[in-house]
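Subject: Structure handover

Dear colleague,

I am passing on the structure below, together with notes on what was found in it. Please read them with the structure open beside you.

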Amino acid sequence: MLSRVIGFTKANVGYAHPYLISARRRNCDGDEDSCMLLMDCLLNFSPSFLPASRGGTMDAPIVMTVLLDPKEVDDEVHAMECAPAFPLSFYRATLETKSPADVEVEQIRDRLGKPEQFRNIHSTHSTSSIDEAPLRSSYVLIGSMAEKVEAQFNLCDKIRAVDAADAARRVILTHFLPDLYGNLYRFSRQEFRCVKCNAKYRRVPLAGKCTRDGCGGKLLLTISKGSVSKYLELSKKLIERYNLPTYLSQRIMLIEQSISNVFRPEEPKEKQANLEAFM
Ligand SMILES: [Zn+2]
């Protein structure tokens with residue numbers, strides 16, 4: 001079961017050993033991933049191709065590892081159970097809703113540093129085919145963020161173990177509110193970007209257009225109105241759907257007010273009328 005199993009399947013998913021997944025800098029839990037052949041990396045890559053902007057080196061292949069030491073990878077995988085079956089005591093513990101830490105099932109962390117860390121790693125459910133499962137994740141199949149949230153909460157409603165109202169409260173508190181506040185803050189401190197040459201300006205030059213080397217390109221906002229208010233309607237819908245506490249809905253109301261202070265309400269687009277229309 002060593003990570004010899006790297007290949008192509010009909011799924012849009014890379015199958016590899018959990019060690020390999022954890023050895024990456026970032027867990028690919030639903031993110032897009034890529035694979036690069038070694039020689040391509042050695043022959044065609046140069047750090048001078050990387051963008052100079054911050055974050056430009058984030059996904060670049062600059063570090064190479066030849067040995068995979070389970071002790072050195074992300075410790076999330078150390079909690080992977082490797083027993084061939086769950087003992088009866090495990091099922092009894094589920095009835096008492098015990099914490100996973102209090103249940104004895106053999107995990108990778110019990111084997112670290114021993115030869116068994118690479119051998120006889122069992123699974124509890126076997127399969128005859130590695131891609132006999134969803135071939136693409138719903139996260140990719142579902143289009144907009146609003147639809148993703150809708151689908152997620154339809155699922156929450158069906159799972160008895162999930163307190164959907166609490167999940168909604170948490171997603172608003174930890175994701176939507178910080179995003180709304182953050183983007184509103186960044187909107188007023190944003191830069192302007194030239195559509196032609198990508199030059200950035202902290203303030204729009206008096207000429208009203210790009211002044212770099214007589215470029216004259218149009219300047220655009222780097223943070224749009226849409227990116228500021230994108231989670232507003234979504235938050236309001238969730239609050240209504242789960243009848244969330246008034247305090248939370250008032251916080252959303254306050255941020256909505258701040259947003260409407262910055263942006264004028266949508267005006268209907270003025271159409272140029274033909275003179276005949278008035279006769
Ligand atoms: Zn320009």
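Let me begin with Asn243, which is exposed, with 10 other C-beta atoms within 10 Å; a residue is called exposed if 12 or fewer other C-beta atoms, placed from the backbone, lie within 10 Å of its own, buried if there are 20 or more, and partly exposed in between. Asn243 sits in the loop between H8 and helix H9 (246-262), where helices are DSSP runs of H or I with at least four residues, numbered from the N terminus. Although Asn243 is not a glycine, its phi is positive, at about 50°.

Thr97, in the loop between helix H3 (88-95) and helix H4 (138-141), also has a positive phi, near 40°, and is exposed, with 7 other C-beta atoms within 10 Å. Most residues other than glycine have a negative phi.

This is a predicted model, in which local features need pLDDT of at least 70 and side-chain atom pairs count only at 80 or more, while totals for chains, interfaces and linings use all residues. Residues are numbered from 1 along each chain as its sequence is written.

The mean pLDDT (the predictor's confidence in each residue, from 0 to 100) is 85 for the protein, and 92% of its residues reach 70 or more. Over residues 1-5, however, pLDDT stays under 50. Where pLDDT is low, the predicted coordinates should not be read in detail.

Finally, the domain assignment, which is automatic or taken from a database, gives domain 1 (1-136) and domain 2 (142-262), and their C-alpha centres lie 33 Å apart.

Definitions and conventions:
Two residues are in contact if their C-beta atoms, placed from the backbone, lie within 7 Å. Helices (H or I, at least four residues) and strands (E, at least two) are DSSP runs, numbered from the N terminus.
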